[in-house]
Amino acid sequence: MPTLRSSSSPSSVSSPLQRAAGGVQRGMSASSSSSVSVPYGERDSDQASQGDSDSLSADEGSDFEDSLRHSVKKRAAKRPLKTTPVAKHPKKGSQMVHGHGQKDSELPPSDLFDAVKAAKSDMQSLVDEWLDSYKQDQDAGFLELINFFIRSCGCKGNVTPEMFKKMSNSEIIRHLTEQFNEDSGDYPLTAPGPSWKKFQGSFCEFVKTLVYQCQYSLLYDGFPMDDLISLLTGLSDSQVRAFRHTSTLAAMKLMTSLVGVALQLSLHKDNNQRQYEAERNKGPGQRAPERLESLLEKRKELQEHQEEIEGMMNALFRGVFVHRYRDVLPEIRAICIEEIGSWMQSYSTSFLTDSYLKYIGWTLHDKHREVRLKCLKALKGLYGSRDLTARLELFTSRFKDRMVSMVMDREYDVAVEAVKLLILILKNMEGVLTDADCESVYPVVYASNRALASAAGEFLYWKLFYPECETRTAGGRQRRRSPRAQRTFFHLLLSFFVESELHDHAAYLVDSLWDCAASQLKDWESLTSLLLEKDQNLGDVQESTLIEILVSSVRQASEGHPPVGRITGRKGLTPKERKIQADDKVKLTEHLIPLLPQLLAKFSADAEKVAPLLQLLSYFDLNIYCTRRLEKHLELFLQQLQEVVVKHAEPAVLEAGAHALYLLCNPEFTFFGRVDFARSQLVDLLTDRFQQELEELLQSSFLDEDEVYSLAATLKRLSAFYNAHDLSRWELYEPCYRLLRKAVDTGEVPHQVILPALTLVYFSILWTLTHLSGSGASQKHLLSLKGRMVAFCELCQSCLSDVDSDIQEQAFVLLSDLLLIFSPQMIVGGRDFLRPLVFFPEATLQSELASFLMDHVFIQPGELGSGHSQEDHLQIEQLHQRRRLLAGFCKLLLYGVLEMDAASDVFKHYNKFYNDYGDIIKETLTRARQIDRSHCSRILLLSLKQLYTELLQEQGPQGLNELPAFSEMRDLARRFALSFGPQQLQNRDLVVTLHKEGIKFSLSEPPPAGSSGQPPNLAFLELLSEFSPRLFHQDKQLLLSYLEKCLQRVSQSPDCPWGPVTTYRHSLSPVENTAEASSQGYPRSKKRRTEGPSRQPRGDASSSQEESLQLNSIPPSPTLTSTAVKRAQPLRGLEEVEEEGSSEPELTQGQPLSGNQRSRFSSPQHFRTLLNPSGPGLGTRLTRLSLMEEDEEELESHNELSEEWQDTDKHSSPSEHGLDLLDSTELNLEVSVPTQDCGRQFRGVVSLGGVVGNLCRCSRRKDRP
């Protein structure tokens, strides 16, 4: 930007203003002499005539009181206001303050703007200096002030004395507008950079200080405020956004300052009236006539001043606010609403009326977030005072429904302010909010955004809990809550959670109430006393809920962060919060350590209650067992833990118990010896029981139900503890392997026993691998582990064909994990000594894995209902399991364990199962393309070939393209085409190769002998036409030539061309018929100026790209997938076409491209079938607005596909993209790898997209004003 011009005074005295301006000159040489500006053409034309077309009489209800109207008339008689900026008469001499020494030829550049921008000096000193210069030369001083506002707008022009004397305001503004022709769209209020960051605050401070310094002198003594107001009013009605924005801000801040002056005048008048009455009520001998006369004169003077100020305010309100509060620019609307709110708070006697409140009420429906936010904040200032709420009854009755509905606003910060506003209404206006209004706020306590949930929790607290639980002394000071009040609080909390039935997890309710009721929730003494009471009169559901509240409050106090799934913007805790957290952790530990064994003893028979109680140990400060000599309570806890483990077989209880024991088994604790002894006792007990029951099973051919249940429960207990503890010394591999071998050989072992036995063998292998990975293991131990792993894989492979689906799925999951762990990735990172353990699956195992996927994952589930029934929950769990299976298979593909061609069986279901697995398949597509772009494109074509061949075998060639299944294939092809992304030049060779291979496939089989029909695969050309928009113009021409050459080998009647050929030719036509496309009802593409790729050097094409543009053979179908097995006969008839490969046209990248030769429209057939709408729970919001510049109409109908592969420009190997064995992002498939040092489950997972969204996320209604 040009440099800001400023000139210093020749005086040797360095004033604050001059010092600031000098600093600006030295440090801001990049600033503009005329500031920054917007183009003259970039104006809001739709707002231009808004202020002109609406006369002031259109808003008659927005006047002040009658006294204000009277004051305006008086001022109009004395000095007419020029509030209308369009039709002004030239200024009269009486309206100007004439100077005596100012030259009319040129105005010296003012330092006022530079000083305000620099903000290096005190604003009061700056204003005082300007006032001194104004008193010396009023013309020059006032003109300097005007040019300050002009420069603050970003205009490079100046108002000269000659212009100000001879031109009206409208002519001045028109002249300045003509000079407002900067190329940049920024102006001082919106300009980026550190030099402009604080300008708005300094600008507003200057206006405020100016009025404050003039309020006792110049404001009433000839200061030309009317001319300034008239100029600001005219600028606020300008079409130039910079003029309108800056002048509106200045006018509103000026109005706010004048409101403060009016308020002071009102107070002075009241004081004067009281003094006059007191003096007049004195006796005749004590009354002073001179005093009364002076008070009357003072009151008259104050009345005149008040009338002048009210006239100025009325002019600003009518001339600026009434028109700008509905401006097209949201920043201007927000300024108006913010300022009128401050007027109502500071000068409520004049402004807190319905005639002004209506503007805030109307703007509550504004479509812009910032404006709605300003409205709510302004109303919070009004409803926060009980003195003002009495005057808001009519407004509240009119706009209450809107304020309540804004709780569900689509913007979180707006919704938070709406809830806080309702809290103030609830506190200060009793009975206004009905039960229905409150019930619309209650569900928000379970919102995913923590700020919103906490605000709703505060509302819930003040509505339900505070009136019943708070007790106060007679003096009004709050004292310590009584135990009865605390019990009442928890009973009310239980009633709300259980009876409302809004959510299943009390942890989110506790987190919502934490900010306002933490002291009550941390009253663990009352909580535990309620649970341990004999006559507590609590039902089973209430007891479970109370235990969940106890665990949630303990977790919140110990960890200090909200539960999973709740979003918070905070990065960490402050030192004070960490101190409170540490103190709370000590307090809860000291209180709960003695009571935890009692709680376990009371609820040990109920698995639903004992599992969360065992989780309490995770939040204790376990060192207190040692420091406070509480070992006896540790002994009691270990006894209760053993009883719970022996009594229950539920996975949740066993996992909680194993984890609790793992926390205590830390060698650093002094009590580690006794805990380790207790663990050994427990495992010995379980192992002995398992050995006895196993011998009975192996020796007898029949077991009753009790024996089967006992053996299965023992195996489940051992499996849960093997997951968290190293049980290798008990040697459980051999007996479990014998059990599984008998199950596979004879089929006499119940499935309840097989499932935990599989898991036990799996953990045994992983713990052995952990031991061998930690040190240099011998070759003998490595080969022994390899043999165990191979034998277990064979067992799992046999279990894939089991009749029980649970066993099949468990075997598939364990196989996926083991194959991934023992893949070549295990030697990465300096672990080459583990190379003998690397395992590659055989072809039969790969084929069975793919067949299992087809039979158990890609199946059509039943439709979900409302989501609350038991059947719906079961379907959701089944969907989770299927997603887990698919993710495991995709990981094997991406890590090279399975052949990548097997991915075609996954990709071909992309469109049909998009709602269930779309995120996983899309991520697999992205990763596969990063690994090998060329191979991935061939897999996409292979997927379409497989689908087409299956449909051809089922339905036959007649009428194939009219079937619904064929339309679904077209949708899939369209989705595949969009997945190539906007990198047209980068994907050129891939798309050309795909077309050529598709043409070969479509003509690979000749028509039946003796018939005039078309080849059976010819309809495949219609699927291929979906990829035509991704071609360059030159490639389309060469592909047309290649198509004609291939068609010469097939007999075709010239009078009756084949339909698929015609469709494909139309998609490859060099210049498509624009009129025809428009007649179909599709919008035309907007022509954009784009830089064509014609400047790309020919030498940039790599040899691999050139080779990929040549004709290749058909990609072979994978022999390891279930689809390949179903294929009846091989494709034939291609050899005749390939024989003339030497005469084929070469489709290389060397041909130049021009920007105007690109395809602008896709064929109408492209839009024949619409995509099915995606489901609501997959989060398909997109960020990319367009894929191809020439295909806008295609993207408008399929915008949810446009973000695919937007990050796939980066080509790298799996290791470069972090595809390590233990990737740190989650895929919903966990590979449990026990580690030796910590002894707990280590989860290594690979990123393949998120799982189904958090089921407890609160759905939000979008409130569009």
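This is a predicted model: local features need pLDDT of at least 70, side-chain atom pairs count only at pLDDT 80 or more; totals for chains, interfaces and linings use all residues.

Residues are numbered from 1 along each chain as its sequence is written, and side-chain values use heavy atoms, with hydrogens and water left out.

**Stop 1: H6 and H11**

Select residues 138–152 (helix H6) and 225–236 (helix H11). Helices here are DSSP runs of H or I, at least four residues long, numbered from the N terminus. The two axes come within 11 Å and cross at roughly 20°; axes are lines fitted to C-alpha atoms over the stretch in contact, and angles run from 0 to 180 degrees between N-to-C directions. That makes H6 roughly parallel to H11 (angles under 35 degrees count as roughly parallel, over 145 as roughly antiparallel).

Now show side chains. On the H6 side, pick Phe142, Leu145, Ile146, Phe149 and Ile150; they meet Asp227, Leu228, Leu231, Leu232 and Leu235 in H11 (contact means heavy atoms within 4.5 Å). The residues of this contact divide into 9 nonpolar, no polar and 1 charged. In that count, Ala, Val, Leu, Ile, Met, Phe, Trp, Tyr, Cys and Pro are nonpolar, Asp, Glu, Lys and Arg are charged, and the others, Gly among them, are polar.

**Stop 2: a charged pair past the end of H11**

Stay in this area and select aspartate 237, in the loop between H11 and helix H12 (241–280). What does aspartate 237 form a salt bridge with? The partner is arginine 324, and the closest N and O atoms are 3.5 Å apart. (A salt bridge is a side-chain nitrogen of Lys or Arg within 4 Å of a carboxyl oxygen of Asp or Glu.) Arginine 324 sits in helix H13 (residues 289–324), 87 residues apart from aspartate 237. Aspartate 237 counts as buried at 12% relative accessibility, and arginine 324 does too at 0%. Buried means under 20% relative accessible area, exposed over 50%, and partly exposed in between, using a 1.4 Å probe and protein chains only.

**Stop 3: H25 and H26**

Jump to residues 524–532, helix H25, and bring up H26 (540–559) as well. The axes of H25 and H26 come within 10 Å and cross at roughly 155°, so the two helices are roughly antiparallel. Among the contact residues are Trp524 and Leu527 in H25, and Leu546 and Leu550 in H26. By class, this contact has 9 nonpolar, 2 polar and 1 charged residues.

Arginine 566 lies in the loop between H26 and helix H27 (575–603), while aspartate 511 is in helix H24 (residues 506–521). Arginine 566 is buried at 6%, and aspartate 511 at 0%.

**Stop 4: a partly exposed pair**

Select arginine 835 and aspartate 832, a salt bridge with closest N and O atoms 2.5 Å apart. Arginine 835 is partly exposed at 47%, as is aspartate 832 at 43%.

**Last stop: H42 and H43**

Finish with residues 933–955 (H42) and 964–978 (H43), which pack at an angle of about 180° with their axes 11 Å apart. H42 and H43 are therefore roughly antiparallel. Look for Leu944 and Tyr948 of H42 and Phe966 and Met969 of H43, among the residues making the contact.

Key: Angles under 35 degrees count as roughly parallel, over 145 as roughly antiparallel, 65 to 115 as roughly perpendicular and the rest as oblique.
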